[in-house]
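Student: I would like to learn how to read helix packing, domain contacts and backbone exceptions in a model. Please take them in turn.

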Amino acid sequence: MAAEHTLLPMTWADAGYMAPELILLAMMALLIIVDLVLPRRFDRAVIGWLSLASLLGSAASLVWRLVERNSTDGGEQAKQTISILHDSYRMDDFGSMLKLLLLAATALIVLWSLGAMKQGASERVAHLGEYYYLLLPAAAGAMIMVSTGDLVTLYVGLELLSMSTYILVGLRSRSALTAQSAAFASAASSDGTGAQTYSAKPAEAAFKYVVTGGISSALILFGMSYIYGLTGSTNIGEIAFGLLQVKASFEELLIVAFFFLLAGFGIKIAAAPFHAWAPDVYDGAPTPISALLAVVTKTAAVAALLRLFYNLVYSAGGVHGKIGTTMFRAVLVIAACAMVVGTVSALGQRNVKRLLALSGVANAGYLLVPIGLSFYGVHTNNAAELYFYAAAYLFMNIGAFAVVSIVGGTGERVIELRAFEGLYYRAPWTAGAMIALVLSLAGLPVSGGFFGKLFILFGAASTHAYWLVAVMVATSVVSYAVYFGIVRQMFMRSSGSEAVKVPTATGAAIWLCTLATLALGVYPNGLMEAFEHVFTLAGDLFVYMQ
Amino acid sequence: MMIPDWPILSLIVFSPLAGAAVLLAMPKQRARLLRITAIIATLLPLALTLWLYADFDANRVGDSFEEYAAWVNIPLDQAGLGGGAASYGLHLDYRLGIDGLSLPLVLLATVITAMAALASVTIRKRWKAYYIWLLVLECGMLGVFLARDLFLFFIFFEITLIPMLFLIGIWGLFNREKAATRFLIYNGLGSAVMLIVFAIVVMTAGFSIGDTQGGGAVFSYSGSYETILANLSDPQAVVNQVAAGNVNPFYLSNGMETALFVLLLIAFGIKLPIFPFHSWMLSVHREAPAPVVMIHSGILLKMGAYGLIRFGFFLFPEQAERFAPTLAVLGLINLLYGAVIAYRQQELRSMLAYSSLSHMGIVLLGLASLHVIGMQGAVFQLVSHGLISALLFLLIGSFYERTGTSRIDELGGLAKAAPFMAGALLAGGLASLGLPGLSGFVGELLALLGLFDTHKVIVSIALLGIILTAAYVLRAIMGITFGELPAKYGSMKDARFIEALPIVVLLAFVLLLGIYPSFLTELMKHGFDPLLHHINMRVGG
């Protein structure tokens, strides 16, 4: 069917609808030029501030669109989902709400970097200007992923995000590290770890990420090719329609296709057993980029998976059909696997960035549970739970990574758990913030993480998936031991090290995250109501034939 | 004096937190100022509770002291219901309430925390953080006893976990970190099991359909204790309907209810503790600083028993009835095992830890009676043991501070050096072994009396445990108070005023309850009515 259409030009109205993404891309283009013509002696922080401004501008245009769409009292009818460019790009509230999260995450990361990347501060990257403006296409790619109505658009968004992050992961300053490891070598020449080990790491991380990212893309494309072969379309709505006709004869083939998609997205989400790259890559990347991978990439991929599965699996025989049962159960199994593997392997981990990477694996499991519960549960659509947890995860994770980056010391290659030693004495306020963040990660009240896990738990309990309830709760308990290792270092050890200096911008990012985490714990209603107010299953998630 | 229209329960729960906020603003070097502020902050809820006690009327049934505020109200997606609903939501609200079961324990908690704050003069470092955690802990404990929403209860229960972790881990003795981790993992496990049960209960028994005036039904999931209790005991409620043909997703089968009861028994059994789950508590008692052990042994263990009664027995009376013999046997094991091991201990804190285990056995025996006298005895025993063990741990802490040891064979003749403290120790010991006229006797007597009708054999064996208790208590106390005073302790000073004060207050309460048990039993008179009514109805009908 798609072949009959000619390519449509983009109209001004379309551009208006895509303003949030276009702002980011245009600003990126502008900032590339600024970076090029700005003499070397100027501080690249100005590019960071401009990136932050464009992220906020994009968010503002998004909020404006959301309010405009939802302020009319015409009820469901008045709220037509806007679908542009041949239904390949959709402006719906589910996407818009998620985009707000993605933009907030990227903005927090930029704010934190503005402090952390200052001269003499803890993080260092090779090309600061490039670092800042590449965050914009990463955010734009993630945003395209969550509002796609077509497999091709989805892939474009995914690749835009991936390409940007491939570079960002490898940006960690080589010279700074070599200098440092030289100092290491001279200080302790008996120590076998030579300069090469230290300077090679960022490149290794980037290379690993490129390879696994490539595999992920390949798996996704392969799965898509099956679906295209069976239905003759790349548009999700048309595929859903096509599947209604072919599902009976090609059930097995479709299951294969869905499994490839699941595996491909599983890598991006870093859910076990597709998670092995995550600790290495997070460890080698600049810490803000670790947080970007943990939050933005993961959230975007989960959202894309939700949209794909709810549309395609549903029309391929429904939730109770063979495909539905198989695929949703597979999602649940992967979720349980991720929770168990992530938590258990984090137990003995002394390297904090790896520890947080594995905690991200466990959290990926939580994020997958609402998808796997499909249309059951307290909530029927489960999207609200997913959204709430994604929000809680965003704040607690970025906050925790930011604290890690400032305790790590200047350009430290590996941040050990010991870096937290006596933080209570060295930076009492930051230690206080970290308690709240760790409580949230462990799922203890009163924090966003607690309610996030609780809502998901309710969903699982009401569908009578008691085994899943048990896995969720048991891994949470085991994770206490993981996270309280950090608390123990902060409060129960003393340290001779000097006070930790917290750059203002980084401190602001940490406290924004902490306060948001606590706010979600004290008043979870706000976010849940806001989401429920704008979200409808039929209008937002299902891509109908136009 | 009547209580004005204040939210008195909320004031009780959050007044310690207000104290903590004040402490947060104070400079951390001013130890004296911090200490006085903290003590005042613990006296506040104590005063309010005493006032509440004076005004409480056990005969007045109903919600005279209920406090409610909407908290988490989540609108759910109506699409799943296929329309026709006026509203559909999940409600976890802020609900506090008090009855004859809660009040004695609230009183216990406020008294002991205030005494522990007084006794905290022995804390030598990081006062500010110490007192803040202590007050947060008190807020959590009081909330546990007053919460009337399942998840509010859970949240308060978890809130006690974190301050305890720090109090043990920072201010404890040599192996403090290990004890703290152990505490966290065991209790975390207990809470996790409880969370599973609560989630399932809210998703089934918490579901109800109501009507609005405007037409259309109101579908809601609720965490409210009253709603869930009413739904579970109402045969017409959704949770008790086996739908023919169509599966009722809210139905709780008998097997499921039994599973939930057993899970609750495990969850609260870890806290109580019941025999195989007790090892974490021993290390806490050995490693935590004296005031923290006072609170831990005096109040936190009681939260386990309270939870078991409130959620296990009240929500699932049939299962409680079926499991009563098992509970009686578990109680007996606790009683005897604790007593025998306590007899073998050379270290006073370990001995008292096992003694606590043993005394909690009596609580289980009282509960297993399912008789008004026995259950009153169980709750009485909770309060009495809370006071006695707080007293004993306080005294042992004071002796430890002076001598640097708490081993029975290294101590002796303390009656000569510190007659007041030794006398108090003897009095506490006598209360612990159940001397008539002191509070320990009443609890044991009522519990065993209640059980006697149904389980004569178990009661007779339990008497053996009581004799053993007398043996180990007297052996220890005689050993350290009489005999030769080691020369190095010759210059030992008796209690200072600030230490004597909590000792006197705790002793006074022990004596008061021993002589005048109706101080508590009056309160509890109707506390168990709904449960017993339910059981009697089934037996009668």
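The dialogue below covers these topics in that order.

Tutor: This is a predicted model, in which local features need pLDDT of at least 70, side-chain atom pairs count only at pLDDT 80 or more, and totals for chains, interfaces and linings use all residues. Residues are numbered from 1 along each chain as its sequence is written, chains are lettered from A and ligands numbered from 1 in the order written, and side-chain values use heavy atoms, without hydrogens and water.

Student: At what angle do helix 15 and helix 18 of chain B pack?

Tutor: Helices are DSSP runs of H or I with at least four residues, numbered from the N terminus. An axis is a line fitted to C-alpha atoms over the stretch in contact, and angles run from 0 to 180 degrees between N-to-C directions. In chain B, helix 15 (residues 419-433) and helix 18 (residues 497-515) pack at about 30 degrees, with axes 11 Å apart. Helix 15 of chain B is therefore roughly parallel to helix 18 of chain B, a term for angles under 35 degrees.

Student: Which residues of these two helices meet?

Tutor: Contact means heavy atoms within 4.5 Å. From helix 15 of chain B come B:F420, B:M421, B:A424, B:A427 and B:A431; they meet B:A500, B:I503, B:V504, B:L507 and B:V510 of helix 18 of chain B. The contact residues comprise 10 nonpolar, no polar and no charged; nonpolar covers Ala, Val, Leu, Ile, Met, Phe, Trp, Tyr, Cys and Pro.

Student: How is chain B divided into domains?

Tutor: Domain bounds come from an automatic or database assignment. For chain B it gives domain 1 (8-61 + 99-200 + 254-539) and domain 2 (65-94 + 205-245). Their centres, taken over C-alpha atoms, are 36 Å apart. Domain 1 of chain B puts 20 residues into the contact and domain 2 of chain B puts in 15.

Student: How much area is buried between the two domains of chain B?

Tutor: Buried area is the accessible area (1.4 Å probe) that two parts lose on being put together, summed over both. Here it is about 1,600 Å², with 66% from carbon and sulfur atoms. B:R148, B:D149 and B:L315 supply 30% of what domain 1 of chain B buries against domain 2, more than any other three residues.

Student: Where is there a cis peptide bond?

Tutor: Most peptide bonds are trans, and most residues other than glycine have a negative phi. A cis bond joins A:A272 and A:P273, with omega about 5 degrees. A:P273 sits in the loop between helix 11 (251-269) and helix 12 (277-284) of chain A. That loop also holds A:A270, a non-glycine residue with a positive phi of about 60 degrees.

Terms used
Angles under 35 degrees count as roughly parallel, over 145 as roughly antiparallel, 65 to 115 as roughly perpendicular and the rest as oblique.
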